[in-house]
Amino acid sequence: MTADDPERTARRGIRVSDAEREAVVEQLRDAAAEGRIDLGELDTRLALALTARTYGDLAPLTVDLPPVVAPVLAPPIVLKGGMHGASRSGRWEVPVRITLHGGVGGAKLDFTRTDCRLPEVEIEVHGEMAGVTIVIPDGWVAETDGVDPGIGGMKDRTTADRLPGTPVIRLTGDGGMAGVVIRHPNFRERRKLNRTGTGQ
């Protein structure tokens, strides 16, 4: 492409998302940690990144930095409760998108032992007959406005205090008959995490 390429010119005017701003912020912080830019320049570029509206605003902030190698993303997960229920816990690779169906047996997703570097994870939930439960570590936050509570309801028992470097869990879908719950570990789960040395 040339500098006058119409596709590139059009792209400059396209508005960027919060996730894209955050990705540039992380790239700038990494560059400062590597000594590529000094702290004064970092502050200036961060301020511009956080107020950027379009790709044209963001592009100049990283044009002189090495390109970020895109990570290999895990494939989407579809977890179906079926007749006997389904769960995923322990150490597992978190994809960008997950779909959960409670079915008749229920579905549970436990993030407390995962090492997730994604800025956000999209989870489509369907409570159905037995419901869906999602457990996230302390310091992670959830956005649940995209869920239709249905008959079973949508219960968000998480805190709003997000730690740096943690993902936002964005829920969409419906509560169905039994509902959806997202929460932090309960007392029993915390004891188990502490025993295995993986407490959050």
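**Exercise 1.** Locate I151 among the strands and decide whether the residue is buried or exposed.

*Solution.* I151 sits in the loop that links β7 (141-148) to β8 (154-157), where strands are DSSP runs of E with at least two residues, numbered from the N terminus. This is a predicted model, in which local features need pLDDT of at least 70, side-chain atom pairs count only at pLDDT 80 or more, and totals for chains, interfaces and linings use all residues. Residues are numbered from 1 along each chain as its sequence is written, and side-chain values use heavy atoms, with hydrogens and water left out. Because its relative accessibility is 70%, I151 counts as exposed (buried means under 20% relative accessible area, exposed over 50%, partly exposed in between, with a 1.4 Å probe and protein chains only).

**Exercise 2.** Find how many aromatic pairs the whole structure holds, and classify the pair of W92 and F111.

*Solution.* The search of the whole structure gives 2 aromatic pairs. Rings of Phe, Tyr and Trp (its six-membered ring) pair if their centres lie within 6.5 Å, and planes under 30 degrees apart count as stacked, over 60 as edge-to-face and the rest as tilted. For W92 and F111 the centres are 5.0 Å apart and the planes stand at 45°, so the pair is tilted. W92 lies in the loop between β2 (86-88) and β3 (97-101), and F111 in the loop between β4 (107-110) and β5 (120-126), so the pair ties together parts 19 residues apart in sequence.

Technical notes: Helix = DSSP H or I, 4+ residues; strand = E, 2+ residues; numbered from the N terminus.
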